[in-house]
Amino acid sequence: MVRWTLTCLLMGLVPTFAIAADGGTIAKAKGLAQSGKYAEALDAYEALVKDAKDDAEKMTIALGRADALVATGELNKAAEALKPFAEGDAPNPDAAAAMADLEFGRGRWEKAEALANAALKVKADHIRAKWVLANLLDATGKTKEADALYKGFIDYHNVHGRELSRDADSLLIIGQAAERYYRANARGAELKETLEEVINDLYEGALRADPKCWRAPLLEGRLFLSGYNERAAMKELVRAQRINPAAPEILVTLGQADLQGYKLASGRKRADAALEINPHYGPAHILLADLNISDEKFKDAMEAAKKAVVENPRDEEALGRLAAAYRLLVDPVGAAAAEAVAVANNPRPAAFYAALGERLADRRKYHSAERAFLKAIAADPDRADTRIGLGMLYMQIGREDEANDLFTVAFAADPFNVRADNMMKVLRHLATYTTIDSPHYQVLVLPGQDALLGKYMSRYLEQIHDDAAKRLGFDLPAKTKIEILKDHQWFSGRTTGLPFIPTVGACTGKIIAMASPQPMKSPYNWARVITHEMTHVINLQQTDFNIPHWYTECLAVESEKSPRPQEWNKLLLERVPSRKKLHNLDTINLGFIRPNEPADRSMAYCQAQLYGQYMVKRFGPDANVKMLNAYRRGLTTEQAINDSFHVDKADFEKAYLTFLDETVKTIRARVNDEKPVKFSALQQELKAKPDDADLNARMAYEHFARRELREARPFADKALELKPHHPLASYVKARLMQSIGDNSAALEILEPALDMANPNERVIDLLAELQMKAGKLDDAEKLYEMARKDDPAQTKWIAGLARIHLRKTEKAKDEKNDVEAASYEAKFLNDLSMIAANDADDLPMRQALASYHFKAGRMADAEKWAWECLYVQVYDPANHVTLADVLSAEKKFPEAIEEYQTAIELKVKKPNDVKLKLAQAQVGAGKKTDAKTTLDAVLKSDPEHPEAKALKEEMDKGK
């Protein structure tokens with residue numbers, strides 16, 4: 001978090017006590033500047049200069065002009081306005097202090113110090129001059145001396161509070177000094193109380209002295225924002241913006257809030273807006289650097305940081321971003337040079353190291369970020385944000401005990417910090433969890449809720465581990481920790497320290513956190529989620545966290561081995577032919593982290609996966625491993641492509657577009673891609689073109705969709721009159737016939753409306769349904785196969801084929817044609833498998849597949865789908881019984897015993913029947929004593945249970 005400082009760039013330069021000298025005209029000019037009307041304010045000051053009565057009035061006008069000029073980035077002009085009053089043998093202390101503040105903000109420290117001392121020679125207790133000197137001491141690492149000066153401001157206010165109550169600018173300076181002092185010297189409840197006094201007495205006091213003092217709520221907003229209390233911060237920032245909507249300082253602070261909430265597009269707009277007002281506002285360039293780092297646009301981040309350094313070559317915040325950008329661009333020399341500048345200015349550059357650590361941690365450069373945070377803490381042990389940053393880093397790499405110590409100390413140093421408070425709560429909560437260990441993983445679960453899920457997840461991870469490591473060409477050097485959090489709120493808190501993130505799984509590269517499916521309304525396929533996240537763990541560590549966002553998502557999506565979603569197909573159809581809204585390698589990361597619209601994120605996932613498939617198709621099966629190795633060596637994407645495949649980026653992108661074109665040829669547009677038209681707009685169009693067949697057909701459909709059957713018919717008839725066999729009109733007319741039970745007439749209308757080369761979805765769907773009802777299964781099957789030809793993964797057509805194949809199976813069985821029955825049943829089960837693959841969370845379909853294969857004696861397939869049931873819902877005892885039945889049939893008795901026992905523990909229905917199966921499995925495993933104990937329990941509960949009695953008698957005979 002940026003440690004905010006108000007220099008001349010942020011402080012009003014017109015002393016409150018000087019405004020009333022001319023009866024209010026200067027006050028009006030200042031008011032214009034305070035409300036963001038800088039050009040009007042400058043015009044007003046220019047007019048006032050001509051009529052100024054004396055030097056004092058001219059000086060006050062110069063201060064006001066300088067303030068307005070600073071707000072718009074005209075720093076040289078501001079200095080020129082102040083110079084006649086700030087320099088010379090008898091400088092005005094207000095002008096000298098204001099100019100000192102200005103020069104300090106530009107990194108001209110020697111000049112700033114001389115001007116501040118000159119002001120103090122004239123007026124020993126000048127507040128702004130002392131503020132400049134205190135900031136100079138702080139900026140050069142003389143923290144004890146600075147601390148003493150900060151305390152001096154508090155002491156001065158204690159003595160002169162009454163007269164200062166009318167001086168808004170002085171109250172703001174004293175408030176900032178008090179913040180600095182109390183953060184360094186108070187802790188816990190005392191610190192919270194003193195900071196509340198700063199807000200209520202000093203910042204709110206400044207507003208009471210001057211209702212247009214927008215900097216007061218700005219400072220309050222920054223105080224809250226530094227503690228990640230966005231709600232309280234936004235309230236104050238909005239209040240400040242109501243007073244001055246054109247203050248770059250407010251815009252950038254709002255942009256920092258956006259960055260905290262990962263609203264990167266909004267943050268960028270605010271930074272750009274601030275620079276439009278003040279092109280030389282360094283913090284706006286710093287914000288852009290932060291946003292570009294989060295966007296993985298490291299070259300742009302470096303350029304933004306360089307601009308900030310130009311504005312103030314000694315600004316530690318700017319130098320920290322510059323060093324981070326160099327490090328992320330794998331330029332250690334550049335990073336070291338930026339660090340050397342910061343250390344030369346200040347042997348204890350805490351702000352530099354804090355900024356460096358925060359930005360590197362954002363990109364998971366854990367070792368470098370840890371070093372930076374540790375140096376920041378050593379430079380300034382009283383700062384809370386650096387300890388919180390290091391604590392968050394340790395949370396990401398699984399060092400929770402060390403993180404807890406850091407958060408505890410940090411919260412004492414900043415009791416307003418929501419993130420530190422939340423993380424301590426999370427850690428107290430995690431302390432109640434237990435660990436399930438396996439050779440490669442540690443799964444943390446809440447006992448009594450997720451122990452069972454943890455056990456099965458641990459086994460699943462070990463089953464897929466070797467294959468994933470082989471596929472990606474890398475094995476993890478240490479165990480990976482997976483934390484299954486109690487619910488989504490705890491998951492969000494664990495992941496970010498903040499209330500909500502819109503996902504159920506997250507990976508830091510060292511840790512995987514997941515929200516437990518238990519409290520959710522609908523179960524989700526946890527195996528698919530953990531596979532995705534585990535792939536991230538491998539390739540992030542494999543590349544030393546150099547892999548770009550798009551490529552790690554490409555590999556993670558591919559690892560799921562699922563068909564491309566229909567939503568993605570629609571986007572490809574919309575965007576590939578026109579080349580509009582397509583991502584390329586320069587923009588695809590923004591689709592994940594800064595989408596212009598929600599569909600951009602889906603398109604980013606889609607295109608990322610297709611980039612991977614394209615590389616394998618063009619460059620061979622080892623293409624992915626080659627790219628991963630290139631990223632591990634720190635190469636950029638452009639360099640990695642050339643190094644791995646010996647083609648340049650332009651050639652790579654051109655061939656990728658051709659690959660997308662080929663992919664789109666396999667997809668056919670469907671009616672649900674039609675753009676909706678308002679009924680009233682359709683009426684107007686039809687009124688203008690009454691003989692348009694398409695419009696009449698569309699109107700017929702709209703009436704039919706509204707259940708206005710009588711009104712639909714004349715429009716359908718007219719469309720068919722204008723264009724015989726119009727697909728949509730024929731569909732509506734057929735549905736009308738179907739509604740009165742005349743399926744024959746419906747068929748007669750639909751059959752000539754079918755275009756075999758380009759079938760209309762509605763026509764083919766209804767026609768296939770009518771053929772099936774008429775018993776013409778072969779004709780219906782051909783229609784569904786036709787629909788599927790160019791849309792093979794569409795669930796609608798697969799489901800239609802499944803119904804036909806099931807009926808054909810039953811018909812063949814009735815006719816005693818076992819060969820044909822087996823053939824159609826295999827097709828039917830393949831249909832169900834495809835439907836299940838289209839929806840990884842579809843539990844009923846998986847249960848049906850397990851049951852069908854079990855009854856058919858295909859135990860390997862039955863076991864596969866029984867496990868799939870557990871991957872969606874591990875807490876359903878029926879799923880464990882299904883798996884146990886299969887395992888028992890395969891004579892895998894020890895595994896079957898465990899599943900039966902689990903089902904019983906989960907309170908399965910008809911427990912005695914399941915216990916009987918358990919006893920049978922125990923017999924199969926040679927555990928006759930256990931089987932007798934199980935049977936005794938059944939017979940005690942149900943003495944007449946026939947199967948249990950029979951098995952008991954059989955076992956007794958076998959003694």
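**Entry 1. The ring cluster.** I began with the aromatic rings and found that ring pairs link Trp550, Tyr551, Tyr611, Tyr614, Phe619, Tyr631, Phe645, Phe652, Tyr656 and Phe659 into a cluster. Rings of Phe, Tyr and Trp (its six-membered ring) pair if their centres lie within 6.5 Å; planes under 30 degrees apart count as stacked, over 60 as edge-to-face and the rest as tilted.

**Entry 2. Basis of the values.** I noted that this is a predicted model, in which local features need pLDDT of at least 70 and side-chain atom pairs count only at pLDDT 80 or more, while totals for chains, interfaces and linings use all residues. Residues are numbered from 1 along each chain as its sequence is written, and side-chain values use heavy atoms, with hydrogens and water left out.

**Entry 3. The chain as a whole.** I looked up the secondary structure and recorded 49 helices and five strands. Helices (H or I, at least four residues) and strands (E, at least two) are DSSP runs, numbered from the N terminus. The C-alpha trace spans about 115 × 85 × 55 Å along its principal axes. Of the 959 residues in the chain, 57% are buried; buried means under 20% relative accessible area, exposed over 50%, and partly exposed in between (1.4 Å probe, protein chains only). I also noted that, among contacts with a separation of 6 or more, residues 24 or more positions apart account for 61%. Contact here means heavy atoms within 4.5 Å.

**Entry 4. Aromatic pairs.** I found 27 aromatic pairs in the structure. Tyr181 and Tyr182 form one that is edge-to-face, at 5.7 Å centre to centre and with 65° between the planes. Both Tyr181 and Tyr182 are buried. I then turned to Phe592 and Tyr605, whose ring centres are 4.8 Å apart and whose planes stand at 90°, so this pair is edge-to-face. The pair links distant parts of the chain, with Phe592 in helix H29 (residues 588-593) and Tyr605 in helix H30 (residues 598-619), 13 residues apart. Phe592 counts as buried because its relative accessibility is 4%. Tyr605 is partly exposed, with a relative accessible area of 23%.

**Entry 5. H27 against H30.** I asked at what angle H27 and H30 pack. The angle is about 80°, with the axes 8 Å apart. Axes are lines fitted to C-alpha atoms, for helices over the stretch in contact, and angles run from 0 to 180 degrees between N-to-C directions. The two helices H27 and H30 are therefore roughly perpendicular to each other. Angles under 35 degrees count as roughly parallel, over 145 as roughly antiparallel, 65 to 115 as roughly perpendicular and the rest as oblique. On the H27 side, the contact is made by Trp550, Tyr551, Glu553, Cys554, Val557 and Glu558; on the H30 side, by Tyr605, Ala608, Gln609, Tyr611, Gly612, Gln613 and Met615. I sorted these residues into eight nonpolar, three polar and two charged. In this sorting Ala, Val, Leu, Ile, Met, Phe, Trp, Tyr, Cys and Pro count as nonpolar, Asp, Glu, Lys and Arg as charged, and the others, Gly among them, as polar.

**Entry 6. H27 against H31.** I next looked up helix H27 (residues 549-559) with helix H31 (residues 623-632), whose axes come within 12 Å and cross at roughly 145°. The crossing of H27 and H31 is left-handed, a term for a near helix turned anticlockwise from the far one by less than a right angle, with right-handed used if clockwise. Trp550, Tyr551 and Leu555 of H27 meet Ala623, Asn624, Met627, Leu628 and Tyr631 of H31. By class, the contact of H27 with H31 has seven nonpolar residues, one polar and no charged.

**Entry 7. Glu483.** Is Glu483 buried or exposed? I found that Glu483 counts as buried, at 0% relative accessibility. Glu483 lies in strand E3 (residues 480-485). Leaving aside residues up to four places away in sequence, Glu483 touches Glu400, Leu430, Leu444, Arg494, Ile511, Ile512, Ala513 and Met514. Glu483 and Val445 are 38 residues apart in sequence and 6.5 Å apart in space, C-alpha to C-alpha.

**Entry 8. Gln922.** I located Gln922 in helix H47 (residues 911-924). Gln922 counts as buried, at 4% relative accessibility. Not counting residues up to four places away in sequence, Gln922 touches Ile897, Gln901, Lys927, Lys928, Asp930, Ala931 and Thr934.
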